[in-house]
Amino acid sequence: MSALRAVKANARPFFQRHSAGELKEALRKMYLIRRFEEGAEEAYMRGLIHGTMHLSIGQEASAVGSTMALRNTDYITSTHRGHGHCIGKGADPKLMFAEFFGKEEGYCRGRGGSMHIADVATGNLGANGIVGGGLPIAVGAALAIKKQKRDDVAMCFFGDGASNEGAFHEALNMAAVWKLPVIFVCENNKYGMSVSTERSMAVANVADRAPAYGMPGVIVDGNSVADVAEAIAAATERARKGEGPTLVECKTYRTRGHSRSDRNRYRTKEEIDEWKAKDPIPLFEAELIAHGLATEDEVTAIRISAETEITNGIEYARTGTDPDPNEVTRDVYSSGVNS
Amino acid sequence: MSREITYAQAIQEALGQAMEADPAVFLMGEDIGVYGGAFQVTGDLVHRFGEDRVMDAPISELGQAGVAVGAALAGCKPVLEFQFSDFATLAMEQIVNQAAKLRFMLGGKVNVPLVMRFPAGSGTGAAAQHSQSLDAWLAHVPGLKVIQPSTPYDMKGMLLAAIDDPDPVMVFEHKLLYKTKGEVPEEAYRVPIGKAHVAREGSDVTIVATSIMVHKSLEAAETLAAEGIDVEVIDLRTLRPMDTATIIESVKKTTRLACVYEGVKTLGIGAEISARIAESEAFDYLDAPILRLGGAESPIPYNPVLEKAAVPQVQGIVEGLRNLVTGRT
């Protein structure tokens, strides 16, 4: 025990601030995200689910490192690549799978699919199919928080591509003018679909844009849970104290393509391999073990438990209830009134 | 007993009463605070309720619309004023993709209780980018409710109903109506969304009109009455959900239908009304083709003569209806 404490004492603040239990839970969520997406990909390949999906494999550290700082009453808005944020915020993978399978048991009763999963009960205001769509919505949620005199925050995930949308400018400006509790989390994975940030931005970093709005812009290694979580903790504390928004840019990478249609013509195998070597999950595992916060056996047990949960989740979803075609327009209006 | 106030005052009164009754209600828009709004609709509300509830926003229509959506999801009831309805074009993403669809996309598990107010229409010399009637655009979108009250009484009652409504409601206000007066009770009351109003009963022909065209149609009806043509005027009031039953009943009685609206004629609200009648049992009752009198197939011009020529006027309605009833073309 004293040896463990000694090791931990040399570690960076993140590993000291959180208990071993919290850190192992973070690892478990990273595994859940990874296995969830691998499971979804496989189910798609086997023709069990249709449509498209955007996988965040390789970006788990930013999803988990960011959401670790949040409470149930905090909000997130997410993106088309949002499975990780959703699980990070506390969603149940089996209900997410049910949504993928288009079942009534799914988070959106099968009406939303991968791109619209939300769980308002856990403060998840939803993924969004429109690039930049969630940015002003997060600002609105933060405005409500301020009006209701709560010390909650709204965390807004978006990609490098979204920072080129007009909505980004309008949202950041309003959040800053009104000093709203928003944490803008940019997951810069280098590509807006196929176009690199070098080809779509004249500045090197999305965070470089933050000073123009009078807010701090912080750049972190998006593949390091500790790096992400420390920056987010500071931004969240600032927001809760009423000091306004922060932009945190997580430099990361998606090792899969943009979506199912991606033929990978715009990047090299070398680049992908280089980033695979920086996979955030083994990196975090190694840190936990090095700091004496988890044993090899515990890590293995966590991985197996995540895999079991995913397998069970897929089975749960497969046997779910199909929606009634006569109920196409059911949820358009609250009263059921239509046309 | 009876008290007359303007259409703009009716809006202001409804907003004030809604804010008094419910702390979740707040207003946002451009220059709606100390300036009082471009059309002086919010007036001195900022002095009564403070800048936190009558919020001047940056000129960011898309952002404001998104903020309204987010605030609505998080427990507020935002009422957003667009300075001109034309600026809805800047906010279509949030209106159409987010506000309208969130409830549905999330399986009915959320409501988006917001109101957006749009000063619309021509007649102010403001030319093509400040004079449009885009109500039919938004009425095309499932998930939105679209209302177009034409009198101060309906305006107050329908705006209060809109603020109560758990779904997003788009309110189109014709700018030329702001100074028109009518009887309005002082207390809060509701006029239901989704119900048309028979503004004038008649037996020879039915006009379904929207917004300012209700008044022009009523004026035309007086002229036609002197010629022995008895016109029924239906004020549609709500574009979506549309009260088709009231129109069907009227057409079965009068056997003739004209649709009068300011928006561009082609693919406008008149097309929808006509199609609903053509699809209904009222079709068999028709004694004449359906007439549509809508806006010209052009942007709204600046020149005042051209500006008038671009939207239906009383004389044109009189002539159109006379021909419809007498069988001349």
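Colleague: How much area do chain A and chain B bury between them, and what share of it is on carbon and sulfur atoms?

Modeller: The size of an interface is often given as the accessible area lost when the parts come together. In this structure, which is a predicted model, chain A and chain B bury about 3300 Å² between them, with 64% of that area on carbon and sulfur atoms. The contact draws 38 residues from chain A and 45 residues from chain B.

Colleague: Turning to a helix, why does the distance between the end C-alpha atoms of helix α8 of chain B agree with its number of residues?

Modeller: One takes 1.5 Å a residue, and because the expected span is 1.5 Å times one less than the number of residues, the 15 residues of α8(B), residues 212–226, should span 21 Å, which agrees with the 22 Å between its end C-alpha atoms. The buried residues of this helix are I212(B), M213(B), V214(B), K216(B), S217(B), A220(B), A221(B) and L224(B). These buried residues pack against several elements of chain B, among them the strands β7 (169–174) and β13 (257–264) and the helix α12 (314–326). After α8(B) comes G228(B), whose phi is positive, near 90°.

Colleague: Is T77(A) buried or exposed, and what is it in contact with beyond its neighbours within four places in sequence?

Modeller: Buried means under 20% relative accessible area, so T77(A), at 3% relative accessibility, counts as buried. T77(A) is found in strand β1 (residues 75–77) of chain A, and its contacts beyond those neighbours include L125(A), I137(A), M155(A) and F157(A). A polar atom of the T77(A) side chain also lies 3.3 Å from the backbone oxygen of G134(A).

Colleague: And H50(A), is it buried or exposed?

Modeller: Exposed means over 50%, so H50(A), at 69% relative accessibility, counts as exposed. H50(A) has its place in the loop between α3 (20–45) and α4 (60–67) of chain A, and its C-alpha atom is separated by 13 Å from that of A98(A), 48 residues apart along the chain.

Conventions. Residues numbered from 1 in each chain as written. Chains lettered and ligands numbered in written order. Predicted model: local features only at pLDDT ≥ 70, side-chain atom pairs only at ≥ 80, totals over all residues. Heavy atoms only, no water. Helix = DSSP H or I, 4+ residues; strand = E, 2+ residues; numbered from the N terminus. Buried < 20%, exposed > 50% of the residue type's maximum accessible area, 1.4 Å probe, protein only. Contact = heavy atoms within 4.5 Å. Buried area = accessible area lost by both parts, 1.4 Å probe. Polar contact = N/O pair within 3.5 Å; in protein donor to acceptor, adjacent residues only side chain to side chain.
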